[in-house]
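Thanks, everyone. Let's look at the structure together, then I'll walk through its contacts.

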Amino acid sequence: QVQLEESGGGLVQAGESLRLSCALSGRTFSPYTIGWFRQAPGKEREFVGVISWSTGTTYYENSVKGRFTISRDNAKNTVFLQMNSLKPEDTAVYSCAGKRVWDTKYNYWGQGTQVTVSS
């Protein structure tokens, strides 16, 4: 199994950028896809984007497409979420999660990191 730990959250102003990190630990990561999710106060958790650890293929939710970029550093066992042109509506707790290609849901979750965007 994989363990995940997010870092990099904070308070920024609208229009600024922030990069979140998701550090992975475990035996092997090649079967995993790593997703980013966010949950704003009083709202359901929503999908932000995902990356395949083995191929680097990414996919994004429409509201962040063109502003957010997911990447990975295999040597550092870390997945990044680069967030540009942040908006107040991006304020949420951001979490990374992992699932193996044969899993039907994300079974492994980090603790989350708070991102607050002021207007």
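Which residue forms a salt bridge with R38? E46 does, with the closest N and O atoms 2.5 Å apart. Keep in mind that this is a predicted model. E46 is partly exposed, at 32% relative accessible area. R38 is buried, at 6%.

Next pair. D90 forms a salt bridge with R67, and the closest N and O atoms are 2.8 Å apart. D90 sits in the loop between β8 and β9, and R67 in the loop between β6 and β7. The two are 23 residues apart, so the pair links distant parts of the chain. D90 is buried, at 1% relative accessibility. R67 is buried too, at 11%. Now put the pairs together: R38, E46, R67 and D90 are linked in a network of salt bridges.

The count is four salt bridges. One of them joins R100 and D103, at 3.0 Å from N to O. R100 is partly exposed, at 23%, while D103 is buried, at 13%.

On to the cysteines. There is one disulfide. It joins C22 to C96, S to S 2.1 Å. The link is right-handed, with 80° about the S-S bond.

Last, the core. The largest nonpolar core has 29 residues. Those with the most contacts inside it are L24, I34, W36, V79, L81, M83 and Y94. Several strands each supply at least two residues, including β1, β4, β5 and β11. Which strand gives the most? That is β3, with four residues.

Methods: Residues numbered from 1 in each chain as written. Predicted model: local features only at pLDDT ≥ 70, side-chain atom pairs only at ≥ 80, totals over all residues. Heavy atoms only, no water. Disulfide = S-S within 2.5 Å. Core = buried A, V, L, I, M, F, W, Y, C linked by side-chain atoms within 4.5 Å. Buried < 20%, exposed > 50% of the residue type's maximum accessible area, 1.4 Å probe, protein only. Salt bridge = Lys/Arg side-chain N within 4 Å of Asp/Glu carboxyl O.
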